[in-house]
Amino acid sequence: NFKIMKPFFRSSIVAAISLLSLLAAVSCSGGKEPARELLPEGAVPFVYYLDHIYLSSFLEDSTECDIVFDTGAGLGSLYLYLDSTFRSECRPAFLDSSRLTMALYGGVGEDRYLTKLYKDSTVLVSGGLELPHAGALFVNLRDVLGRRADGIAGIMLDGSAWEINYERHYLRKLERVHVDSLGLEGFTSFPMKIADGRLLVHCDVCFSDGVSSWGWFILDTGSGGSIFFTADEAAAKGFGSAGKPVCRYVGGSRGLGGETVSCIADAEYAVFGNDTLRNIEIEWYEGKNGVMAGGSYKGIIGNELLERYNVVLDLRDSLIYLQPNPAYEVSEDSKPWGISFVDRTDIGDAWIASAIRVGGPADEAGVAPGDSVVSINGKPVTGLDVEEVYAVMDSLSVLDLVLKDGLDVKDLRIVCGE
């Protein structure tokens, strides 16, 4: 039986109430969970929150933590990534200076940082799954994903297989893949590559003007996006230079390594596996450094695309199995508010304004990346949940924000039509 460990994993229902009081119904719980049912042997339940997979876990000393399952963290990664502010909640050994050293790390963004590295081995336990690591690297994870993210764990290159069931929200490590014995009827297998410690899958993307890109992409369950191209590939193909409608975002961070500048546009279609996916949103990076600047891959494929399937990753035979997820629903276009939030109420009373769309309603209203938002439509953010606020925003035409900078408080109104 799975025991829910933290308030984050307790689902809530947003009541049907008048437009003016919609935000009042948004609670702090968050996370999308299907109805509980008996799971296969060895399955570990996860919560799917803001397009990320969260495993309710323990460090070996029984410290509770919510860990993001991230195949993009690098196969065979020696180190567990833990949030820097979460470090104070962990075992005393993590505070022992004799067991710490300094390390340099980077990621998606432009910056590289010196940070603390715990040198001794540690084990992460989630359900019956044990993930050993040679140590722990402390990074500013909550600056990217918010207060609920305690750490990131990848997978080891050990010849096993991993089942990621987006329909029933469970993860399972398998010793080998046999379609019949594992009940994988309805799955179709496709080639997968393992190169430089990364899983690579093939995808073709085409725009309405005939510009296209095809090749190998990092399979990254640590990404909440769909298809994200490197800066090199975007420049080579001339994305954004052929009259396509493009939204440019500044100040957001799609991953570790500092702020990024990125662009979003709609592709006519993408071919993934046997499926042709129409009107899919793609993104590309504009920086010169970091993982998304360029490499032997065209970009990354994240959960916003993968959640359309149930997935099995066979590391022994380098195959990916895909089965259409019957629970997947194509989301309608949301209102273009041009703002995202990161919940940092773990260290204060505010959410942080993250990616701001240049020329969008939030930008026009005067919201800047990094602004601290303490209230939305009269409701303190300490009593709200980011995912549920996003869902409610499509029903609103006005957002009244209260921003706080030290002792200074400023009111801003964002207006967004249809």
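This is a predicted model: local features need pLDDT of at least 70, side-chain atom pairs count only at pLDDT 80 or more; totals for chains, interfaces and linings use all residues.
Leaving aside residues up to four places away in sequence, Ile227 touches Cys203, Val205, Phe217, Ala270, Ile280, Glu281, Ile282, Glu283, Ile300, Ile301 and Leu305. Show the side chains of these residues together with Ile227.

Now widen the selection to the core. Ile227 belongs to the largest nonpolar core, which has 60 residues. Ile227 and Phe272 are the residues with the most contacts inside this core. Colour residues 261-272 next: this is strand β20, and it supplies the largest share of the core, 5 residues.

Return to strand β20 and pick Ala265, which is found in it. Is Ala265 buried or exposed? Ala265 is buried, because its relative accessible area is 4% and the cut-off for buried is under 20%. Ala265 and Arg248 are 17 residues apart in sequence, and the C-alpha to C-alpha distance is 9.0 Å.

The next stop is the aromatic rings. How many aromatic pairs does the structure hold? There are 12 aromatic pairs. Take the pair of Phe341 and Trp351 as one of them: the ring centres are 5.5 Å apart and the planes stand at 55°, so the pair is tilted. Phe341 lies in strand β25 (residues 339-343) and Trp351 in strand β26 (residues 351-357), so the pair ties together parts that are 10 residues apart in sequence. Phe341 and Trp351 are both buried. Then select Phe207, Phe217, Phe229, Phe239 and Trp284, which form one aromatic cluster. Phe217 is also on the list of residues that Ile227 touches.

Select Arg87 and Phe138: Arg87 lies over the face of Phe138, at 5.6 Å from the ring centre. Then select Lys237 and Trp214. Here the charged end of Lys237 sits over the ring of Trp214, 5.0 Å from the centre of that ring.

Switch to a cartoon view for a sheet. Which strands make up the open sheet of 6 strands? Their order is β1-β13-β12-β23-β24-β14, and the pairing is antiparallel. Now zoom in on β1 and its partner β13 (residues 170-174): the two run antiparallel and are joined by 2 bridges. Within this stretch, Val44 stands opposite Leu171 of β13.

From the sheet, move to the loop between β23 (309-314) and β24 (319-324), where Ser318 lies. Ser318 is not a glycine, yet its phi is positive, at about 55°. Ser318 counts as partly exposed because its relative accessibility is 24%.

The last stop is Leu50, in the loop between β2 (47-49) and β3 (52-59). What is the phi of Leu50? Phi is near 50° here, a positive value in a residue other than glycine. Leu50 is partly exposed, with a relative accessible area of 24%.

Definitions and conventions. Residues are numbered from 1 along each chain as its sequence is written. Side-chain values use heavy atoms; hydrogens and water are left out. A nonpolar core is a set of buried Ala, Val, Leu, Ile, Met, Phe, Trp, Tyr and Cys residues joined through side-chain atoms within 4.5 Å. Buried means under 20% relative accessible area, exposed over 50%, partly exposed in between (1.4 Å probe, protein chains only). Helices (H or I, at least four residues) and strands (E, at least two) are DSSP runs, numbered from the N terminus. Contact means heavy atoms within 4.5 Å. Rings of Phe, Tyr and Trp (its six-membered ring) pair if their centres lie within 6.5 Å; planes under 30 degrees apart count as stacked, over 60 as edge-to-face and the rest as tilted. A charge sits over a ring if NZ of Lys or CZ of Arg is within 6 Å of the ring centre and within 35 degrees of the ring normal. Two strands pair if DSSP finds at least two bridges between them.
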